[in-house]
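Please open the structure in a viewer and keep the selection panel at hand.

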Amino acid sequence: SFSALNLDELTAQRDRALRDYEALVQRGLSLDLTRGKPSGRQLDLASALLALPGGHTAADGTDCRNYGGLQGLPEIREMFGGLLQVPAGQLIAAGNSSLSLMHDSIVHALLGRVPGAERRWVEEPRIAFLCPVPGYDRHFALCERFGIELIAVPMTAEGPDMDVVERLVLEDPQVKGIWCVPKYSNPSGVSYSDETVRRLAAMPAAAPDFRIFWDNAYAVHHLTDTPVEIADLLALCAESGNPDRAFVFGSTSKITFSGGGVAFFGSSPANVAWLLGHMAKGTIGPDKINQLRHVEFLRDEDGVLEHMRRHRELIRPKFDAVDLILTKELGGTGLASWSNPAGGYFIGLDVLEGCARQVVSRAAEAGIALTPAGATHPYGDDPRDSTIRIAPTYPELDEVELAIAGLAVCVRLVGTEKLLE
Ligand code: PLP
């Protein structure tokens, strides 16, 4: 580890890093590792969708070209119900974005009493959401937009630190929600243990209208032969006497087309009726043609899983390359640690405390764009300034390799400078 080096040795390492960094800047790279988007090749896997649907009639005879069917086509709800652990009758299939369903759920909770609530959330003196960190910046931005306070909760290898969650939810009736990405979480790749899910479902809450925003965005996005299964939150909530606690979200954004997929909301019958009642004021029904096209293309649950194996063939080599290069360049230095996720879209890179911002800005100067340091934390503020999110799916493999090798140089430079301070 570099922390065991004497001053001369460390200075020599810093000088070497500086020379490597200058050479890197000279190369004038232009690479982007910022957002978790599928690559063009991944989108090509679903290009048959562009010629579908072949027909326009749903299984029950519905003419998909017409108005109606607010809850979405039964056959697509059947297809995804099992994958998202929601009975098809309690699943809504909507437009192309699950984020917009999260947004609308919050707006409707602000303006229309959620089941169990004493009043609408706008009438509350203050509203707070728990945010396991590191987490997804768009969840945080959505809350900020509506003045919802964000309370950071540390993540462990099994999900959020449940001792902290249980205490805050029990003590503070203004805590109305928690953000969870329960499988292959963004960005650390952590999957929630059964015990974590059980405690979330069963914990006593001061707020009668407390909700778990269960964003299962990576439900089928496995990178290994042994898919992670998480416990069934909705069922556990019902068994624990908290049937209305879970809002489950998912989408095909990273299965078919990010800009033209199908998004889902699943919950208790009371919550589903509540949301449909509000949605009905804004639309007569979703794009059933797109839903039918997805049914024809993906066919059934096995069809979805088969399709995801093709994604995995394309992106697994990129994740492997990141791990290989980081291990080669930084292994044993003590300057960084990183996740080796079994699924999802991200790798979390932890650098020495107080170094993340500098690493990201050094990388930017060398033409390597990374998600801003701090984005993984509420208000963009990572108090330890150590978390960096790597999104390797979008660039081509050779670009990923170049970018990570360059990033490793930045970590070595900033890290050795830090140790010399
Ligand atoms: N939730 C998480 C955790 C994500 O990482 C993303 C996209 O990166 C989304 C939601 C966006 O979902 P959608 O495309 O369905 O709006």
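**The ligand shell**

Select the ligand and the residues around it: this shell divides into five nonpolar, seven polar and one charged. Here Ala, Val, Leu, Ile, Met, Phe, Trp, Tyr, Cys and Pro count as nonpolar, Asp, Glu, Lys and Arg as charged, and the others, Gly among them, as polar. Of the 13 residues around the ligand, Ser-97, Ser-98, Leu-99, Ser-251 and Ser-253 come nearest. A residue is near a molecule or strand if its C-beta atom, placed from the backbone, lies within 6 Å of it.

Two remarks apply throughout the tour. Residues are numbered from 1 along each chain as its sequence is written. The model is predicted, and local features need pLDDT of at least 70, side-chain atom pairs count only at pLDDT 80 or more, while totals for chains, interfaces and linings use all residues.

**The whole protein**

The protein has 13 helices and 13 strands; helices (H or I, at least four residues) and strands (E, at least two) are DSSP runs, numbered from the N terminus. Along its principal axes, the C-alpha trace spans about 75 × 55 × 35 Å. A compact globule of 421 residues would have a radius of gyration near 22 Å, and the value of 23 Å for the protein agrees with this. The radius of gyration is taken over C-alpha atoms, and the globule rule is 2.2 Å times the number of residues to the power 0.38.

What percentage of the 421 residues do buried residues make up? They make up 49%. A residue is buried if 20 or more other C-beta atoms lie within 10 Å of its own, exposed if 12 or fewer, and partly exposed in between, with C-beta atoms placed from the backbone.

**Two domains**

Colour residues 2-42 + 305-420 as domain 1 and residues 68-298 as domain 2. These bounds come from an automatic or database domain assignment. The C-alpha centres of the two domains lie 30 Å apart. Their contact takes 24 residues from domain 1 and 26 residues from domain 2; two residues are in contact if their C-beta atoms, placed from the backbone, lie within 7 Å.

Which helix gives the most to the side of domain 1 that touches domain 2? That helix is α11, with six residues. On this side of domain 1, the residues divide into eleven nonpolar, nine polar and four charged.

Next, select Pro-160 in strand β5. Pro-160 counts as buried because it has 27 C-beta neighbours inside 10 Å. Not counting residues up to four places away in sequence, Pro-160 touches Pro-132, Val-153, Met-155 and Val-165. The C-alpha atom of Pro-160 is separated by 9.9 Å from that of Pro-134, 26 residues apart along the chain.

**Two cis peptide bonds**

Move to Pro-134, in the loop between β3 (128-133) and α5 (137-145). The peptide bond from Val-133 to Pro-134 is cis, with omega near 0°. Then select Leu-52 and Pro-53, which are also joined by a cis peptide bond, with omega about 0°. Pro-53 lies in the loop between α2 (40-44) and α3 (74-84).

**Two positive phi angles**

Select Tyr-184, in the loop between β6 (175-180) and α7 (194-202). Although Tyr-184 is not a glycine, it has a positive phi of about 50°. Is Tyr-184 buried or exposed? Tyr-184 is buried, with 26 other C-beta atoms within 10 Å.

Finally, select Arg-299, in the loop between α10 (288-298) and α11 (301-330). Arg-299 is not a glycine either, and has a positive phi of about 70°. Arg-299 counts as partly exposed, with 14 C-beta neighbours inside 10 Å.
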